[in-house]
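Q: Could you walk me through this model before I plan my afternoon around it?

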Amino acid sequence: MTKRLSSEEAYALLYELCVDLGFCLPPHDIRRLREAPPADVDKFTDAVFKAEGLDPGGENGWLRARVREVVERHMRAK
């Protein structure tokens, strides 16, 4: 079961993606994802890829899996 992230939780997730995987999004995308974080793991993952200028369904399947793993862990946290 996943949960909708609060603004602070979304920021912590985006911070981890930046530090650990190099997905350092522009400030306006960070603000957008903090204010209205997608409630679905795959939708949040896709939003991160699109904000980074990457095709979520492209050739980066291994990288998408890593990003999705982080998103899922944060969305399943209690």
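What follows is a short chat about the fold, the surface and a few residues.

Q: What kind of model is it, and what pLDDT do local features need?
A: This is a predicted model, in which local features need pLDDT of at least 70 and side-chain atom pairs count only at pLDDT 80 or more, while totals for chains, interfaces and linings use all residues. Residues are numbered from 1 along each chain as its sequence is written, and side-chain values use heavy atoms, with hydrogens and water left out.

Q: OK, how many helices and strands does the chain have?
A: The chain has four helices and zero strands, and along the sequence the pattern reads α-α-α-α; helices (H or I, at least four residues) and strands (E, at least two) are DSSP runs, numbered from the N terminus.

Q: And what radius of gyration does the chain have?
A: The chain has 11 Å, which agrees with the value near 12 Å that a compact globule of 78 residues would have; the radius is taken over C-alpha atoms, and the globule rule is 2.2 Å times the number of residues to the power 0.38. The C-alpha atoms fill a box of roughly 30 × 25 × 20 Å along the principal axes.

Q: How much of the chain is buried?
A: Buried residues make up 36% of the 78 residues, where buried means under 20% relative accessible area, exposed means over 50% and partly exposed lies in between (1.4 Å probe, protein chains only).

Q: Switching topic, how many aromatic pairs are there?
A: The structure holds two aromatic pairs. One of them joins Phe23 and Phe49, a tilted pair at 5.2 Å centre to centre with 50° between the planes. Rings of Phe, Tyr and Trp (its six-membered ring) pair if their centres lie within 6.5 Å, and planes under 30 degrees apart count as stacked, over 60 as edge-to-face and the rest as tilted.

Q: Where do Phe23 and Phe49 lie?
A: Phe23 lies in the loop between α1 (7-21) and α2 (27-35) and Phe49 in helix α3 (residues 41-51), so the pair ties together parts that are 26 residues apart in sequence. Both Phe23 and Phe49 are buried.

Q: What about Val70, buried or exposed?
A: Val70, which sits in helix α4 (residues 61-76), is buried, with a relative accessible area of 7%.

Q: And which residues does Val70 touch?
A: Leaving aside residues up to four places away in sequence, Val70 touches Leu13, Glu16, Leu17 and Leu21, where contact means heavy atoms within 4.5 Å. Val70 and Leu14 are 56 residues apart in sequence and 9.4 Å apart in space, C-alpha to C-alpha.
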